[in-house]
Amino acid sequence: MKENISLDLKKSTNSKRWKYVILGIILMMLLGTVYSYSVFRLAVQNYFEVDFTSSGLPYMASLAFYSLFMFVTGRFIDRFHPRNIMIFGSLLVALGWILSAFAPNIYVLTLTYGVISGAGVGIAYGVPMTVVARWFPEKKGFAVGLVLVGFGLSPLITAPLARTIVELVGLTRAFLILGAGFAVFLPVLSYFFEYPELEASSQIKEEGKSVKVSGHTTKEMLKDKSFKGLYINFIIGTTIGLMLVGMTTSIGVEYVGLTATKVTMLMTIFAIFNGMGRPTFGWLTDRLSPRKAMLLSYILIISAALVMVLFGESSLIVYIIGFAIFWFNLGGWLAIAPASTMNMYGTGHYSQNYGLVFTAYGIGAVTGVITSGMLIDAHGNYKLLFYYIIALCLAGIFSTINFIKPQNA
């Protein structure tokens, strides 16, 4: 009788925990609308009568506050029910979009869309990963990678939807409609998230491998040599990825010779690779090791950059292959970083630890845009950009070999 009850509990627990993966994918897809800002950018320029650089301020602010509030929330995430944190973050996202509909200038839009909405995304973003990691202790990287697929694939669904709404009702009403939609759907999805109870947790652990439940505190992590490697590598990975994602169109048009329309169509393919990079590298980090997953990513990026230098000019096929790899690896680093944090420092203080690690994303976003812009403005040569990427990868390989300790490899 006891064996039957235990078996039923295991089946129930296994079925229940996959619910959080599915809900997490949907929720992340909605939060990932922040990556669809390019859909609004031209309309923002025209509506507020600003230049291209100024029109990018809301997007830059949203990425910066997204990473900042990931860190802030990580310090408090274990003190509150995950549902409450996610609902609060969701309502901030909705509020930011709704207030954007009434922004009188680009600076107020930077505050509403960038600061308020970006902070909301940062607050809500880390919770599904933490919940799923605790429900899947035996395959944390793969499960978290699956959830992050939603964020990576978001532009496939939200960008066309947002573009259609803008064309039908205009910029300000589009902000209002999307904000109202977020105010309804995000809190509803957030309501179902919870950590496994003690009995269910014990059933999960029985099926898994050895699991670090206590893990290292943030102070202990900061003292560890491997943390330096992880942090530096995440800066390098996101610098390369965000830089190239932001320049996909300009490189396609000016270096390869494609039309902007053609590049936009190809970005659908790239977005799919970006999404699939997350579960793939999450699985590789679990299956191989953080160290090997990092080195593999750098080798792939170097290979793609070399191909673009040697054969990419005026070649559609090489461009597709090269940028599929680049987008794939950006998605990969957004799985390598959380999976490595869990594998190296355990799940007990994961929210605080990964919140700190994720600040590297904000640094990567800023450095990627600024350094690539300065390089192209100064020389106008995209081949130099790819050499710069190769140099960054070599620095990353050096960091991985010298800082990630063998016992963590």
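User: Which residue's side chain does the side chain of T248 join in a polar contact?

Analyst: This is a predicted model, in which local features need pLDDT of at least 70 and side-chain atom pairs count only at pLDDT 80 or more, while totals for chains, interfaces and linings use all residues. Residues are numbered from 1 along each chain as its sequence is written, and side-chain values use heavy atoms, with hydrogens and water left out. A polar contact is a pair of N or O atoms within 3.5 Å; within protein, one must be able to donate a hydrogen and the other to accept it, and residues adjacent in sequence count only if both atoms are side-chain atoms. At 3.1 Å, the partner of T248 is W327.

User: Is T248 buried or exposed?

Analyst: T248 is placed in helix α12 (residues 248-256); helices are DSSP runs of H or I with at least four residues, numbered from the N terminus. Contact means heavy atoms within 4.5 Å, and, leaving aside neighbours within four places in sequence, T248 is in contact with V263, M267, F270, Y319, F323 and W327. Buried means under 20% relative accessible area, exposed over 50%, and partly exposed in between (1.4 Å probe, protein chains only). Because its relative accessibility is 0%, T248 counts as buried.

User: Which residue's side chain makes a polar contact with the side chain of T239?

Analyst: T239 has its place in helix α11 (residues 225-246) and is buried, with a relative accessible area of 4%. Leaving aside neighbours within four places in sequence, its contacts are G364, T367, G368 and L392. The side-chain polar contact, at 2.9 Å, is with T367.

User: How many aromatic pairs does the structure hold?

Analyst: Rings of Phe, Tyr and Trp (its six-membered ring) pair if their centres lie within 6.5 Å; planes under 30 degrees apart count as stacked, over 60 as edge-to-face and the rest as tilted. By this rule, the structure's count of aromatic pairs is 32.

User: What kind of aromatic pair do Y47 and F48 form?

Analyst: Y47 is partly exposed, with a relative accessible area of 48%, whereas F48 counts as buried at 13%. Their ring centres are 4.9 Å apart, with 85° between the planes, and the pair is edge-to-face.

User: Why is the pair of F323 and F326 edge-to-face?

Analyst: Both residues lie in helix α15 (residues 316-345), three residues apart, about one turn of the helix. The ring centres are 5.2 Å apart and the planes stand at 85°, so the pair is edge-to-face.

User: How far apart in space are L30 and G150, C-alpha to C-alpha?

Analyst: L30 lies in helix α1 (residues 2-31) and is partly exposed, with a relative accessible area of 23%. Not counting residues up to four places away in sequence, L30 touches F182, F185, L186 and L189. L30 and G150 are 120 residues apart in sequence, and their C-alpha distance is 8.0 Å.

User: Which helix supplies the largest share of the lining of the largest cavity?

Analyst: The largest cavity is lined by 14 residues, of which M70, I77, G126, T130 and S351 lie nearest its centre; a cavity is a set of points on a 1 Å grid over the protein atoms alone where a 1.4 Å probe fits but cannot get out, and lining residues have an atom within 4 Å of a point. At least two lining residues come from each of α4 (57-74), α6 (106-135) and α16 (350-357). The largest share, six residues, comes from α6.

Key: 1 Å grid on protein atoms, 1.4 Å probe; cavity = no way out; pocket = protein on both sides within 12 Å on 5 of 7 lines; lining within 4 Å.
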